[in-house]
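Dear colleague,

I am passing on the structure we talked about, and below it you will find my notes on what turned up when I went through it. Please read them with the structure open beside you.

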Amino acid sequence: RQILGIEGTAWNLSAAVFGEELISLHSNPYSPPNGGIHPREAAQHHAAVLKDVVSKALLDVDLKDISGVAFSQGPGLGPCLRTVATAARSIAIALNVPLIGVNHCVAHVEIGRHTCGCDDPIVLYASGANTQVLGFLKSRYRIFGETLDIGLGNALDKFARSRGLPHPGGPLIENYAKKGSPVNLPYTVKGMDLAFSGLMSAAKDCKAPIEDVCAGFQETAFAMCVEVTERALAHSGKNEVLLVGGVGANERLREMLLVMCEERGAEFFVPEKKFIGDNGAMIAYTGKIMLEAGQTIPVENSGVNPSYRSDDVSVLWRRDTGD
Ligand code: ATP
Ligand code: FE2
C-alpha cells in the first residue's frame with residue numbers, strides 16, 4: 001500500500017510517497033522576495049510548481065500501487081490550502097483511489113512519533129503559526145496549553161523583519177543568539193497557555209546589541225515553552241517528550257528541553273531535519289495510517305479548513321489510553 005501526500009499549508013509545496021517506509025520526498029519552498037508570506041502569492045507559487053513536485057515524487061512509483069491521496073486540509077493559509085486540495089482531488093479521481101484529509105498539526109506529531117520511535121509523548125509543537133503542547137487522551141490529541149496570540153516562529157520572524165533581516169528570521173536569530181548574552185525580556189505564561197506578542201514588542205524596542213536581544217528572546221520564549229511542557233508531563237504522567245515544528249530546528253531549544261527531560265527522567269525525541277518543518281512525508285504517512293483506519297473523505301465533502309484544530313480530529317488509528 002502506497003500513499004501520495006501533498007503538503008502546502010504555507011511556505012512549502014512538498015509531495016511524498018509513503019509505503020512501508022518513505023519512498024520519495026520532493027519540495028519546492030516559497031521564499032517571499034521581501035516581507036512575510038503573502039497568502040495569494042504563496043498559493044500562486046504552489047500552483048506553478050505543483051505538477052513538477054508531484055511528478056518527481058511519483059517518478060519511481062507505479063501508479064497502480066498508489067492506494068490513496070492525502071492532502072493537508074488545514075490549518076493554514078486559505079488560498080494555499082485550496083490550491084493543494086484541488087490538485088489532490090483531481091489526482092484521487094484520476095487514479096480512482098480514496099482521498100484523505102489530513103490535519104497538518106497532527107501530521108507533524110505522527111511523523112515525529114513514527115521516525116523517532118516514541119510511543120505516547122507530550123508534544124511541543126512550535127512552528128510559525130502554531131505553538132501548542134499536546135498529548136493523546138481519549139481518542140484525541142488534547143491541547144494542554146497553547147499560544148494566546150501569535151506562534152513562536154511568527155514572533156521570531158516579525159522581530160527579525162523589524163531589524164531588516166530576511167524571512168525566515170528564526171535561523172538568523174539563532175546565530176546571533178550564540179554570540180550574545182541574554183537581556184531580560186517579559187515572560188508570559190498564563191496557566192498552561194503562553195503569549196509571545198509582548199515579548200516580541202519588547203525585543204523590537206530593546207536598544208541592546210542585537211546578539212544580546214536575540215539571546216534574551218530565545219532564553220525567554222524557550223523557557224516559557226519548557227515550563228508548559230514540563231507541567232503537561234507532570235500532570236499527564238507520560239514519560240516522553242517530542243519536539244516538532246519548524247522552531248524545533250533550534251539547538252538551544254533542544255538543549256533546554258533535553259535538560260528538563262533528564263531532570264524528570266523522561267526521554268526526549270526530535271525528528272531529523274527533513275521531517276521537522278513542513279514536509280510532504282508527514283502528510284503521506286498520516287494519510288497512510290488514516291486510510292488503514294478507514295478515515296477517508298468523499299470528494300464532495302473535502303472542503304479545506306484554515307482553522308482546523310488538532311483536537312477536532314478523532315484519532316481512530318491509535319489505541320486509546322488514559323481513563
Ligand atoms: P505551521 O503551519 O505548522 O505553523 P509553518 O508554516 O510555520 O507551520 P514550519 O516549517 O513548521 O512551518 O515552521 C517555520 C518556522 O520555523 C518559521 O517561523 C521559522 O523562522 C522557524 N524556524 C526555522 N528554523 C529555526 C531555528 N533554527 N530557530 C528558530 N526558529 C526556526
Ligand atoms: Fe507546520
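**The ligand and its surroundings**

Ligand 1 sits in the largest pocket. Please keep in mind throughout that this is a predicted model, and that the values quoted below are computed from it. The elements that give two or more residues to the shell around ligand 1 are helix 3 (104–116), helix 4 (152–162) and helix 5 (170–178). The shell also draws on both domains, since at least three residues come from domain 1 (2–107 + 275–312) and at least three from domain 2 (120–273).

Of the 23 residues around ligand 1, those that come nearest are Tyr125, Ser127, Gly128, Asp157 and Glu174. Sorted by class, the shell around ligand 1 is made up of nine nonpolar residues, 11 polar residues and three charged residues.

As for individual polar contacts, a polar side-chain atom of tyrosine 125 lies 2.4 Å from an oxygen atom of ligand 1, and tyrosine 125 is also among the residues that come nearest to the ligand. Two further contacts involve the protein backbone: a polar backbone atom of glycine 153 is 3.4 Å from an oxygen atom of ligand 1, and a backbone N or O atom of valine 247 lies 3.4 Å from an oxygen atom of the ligand. Taken alone, ligand 1 exposes 650 Å², and the protein buries 90% of that area.

**Backbone details to look at**

The peptide bond that joins glycine 74 and proline 75 is cis, with an omega of about 0°, and proline 75 has its place in the loop between strand 4 (66–74) and helix 2 (78–95). A cis peptide bond is also found from histidine 167 to proline 168, where omega is near -5°; proline 168 belongs to the loop between helix 4 and helix 5, and these two helices each give two or more residues to the shell around ligand 1.

The remaining place is lysine 138, which has a positive phi of about 50° although it is not a glycine. Lysine 138 lies in the loop between strand 7 (131–137) and strand 8 (140–146).

With best regards

Notes:
Residues are numbered from 1 along each chain as its sequence is written. Chains are lettered from A and ligands numbered from 1 in the order in which they are written. This is a predicted model: local features need pLDDT of at least 70, side-chain atom pairs count only at pLDDT 80 or more; totals for chains, interfaces and linings use all residues. Side-chain values use heavy atoms; hydrogens and water are left out. A residue is near a molecule or strand if one of its heavy atoms lies within 4 Å of it. A polar contact is a pair of N or O atoms within 3.5 Å; within protein, one must be able to donate a hydrogen and the other to accept it, and residues adjacent in sequence count only if both atoms are side-chain atoms. Accessible areas come from the Shrake-Rupley method with a 1.4 Å probe; for residues, only the protein chains shown count as cover. On a 1 Å grid over the protein atoms alone, a cavity is a set of points where a 1.4 Å probe fits but cannot get out, and a pocket is an open set with protein on both sides within 12 Å along at least five of seven lines; lining residues have an atom within 4 Å of a point. A molecule sits in a cavity or pocket if more than half of its atoms lie within 2 Å of its grid points. Helices (H or I, at least four residues) and strands (E, at least two) are DSSP runs, numbered from the N terminus. Ala, Val, Leu, Ile, Met, Phe, Trp, Tyr, Cys and Pro count as nonpolar, Asp, Glu, Lys and Arg as charged, and the others, Gly among them, as polar. Domain bounds come from an automatic or database domain assignment.
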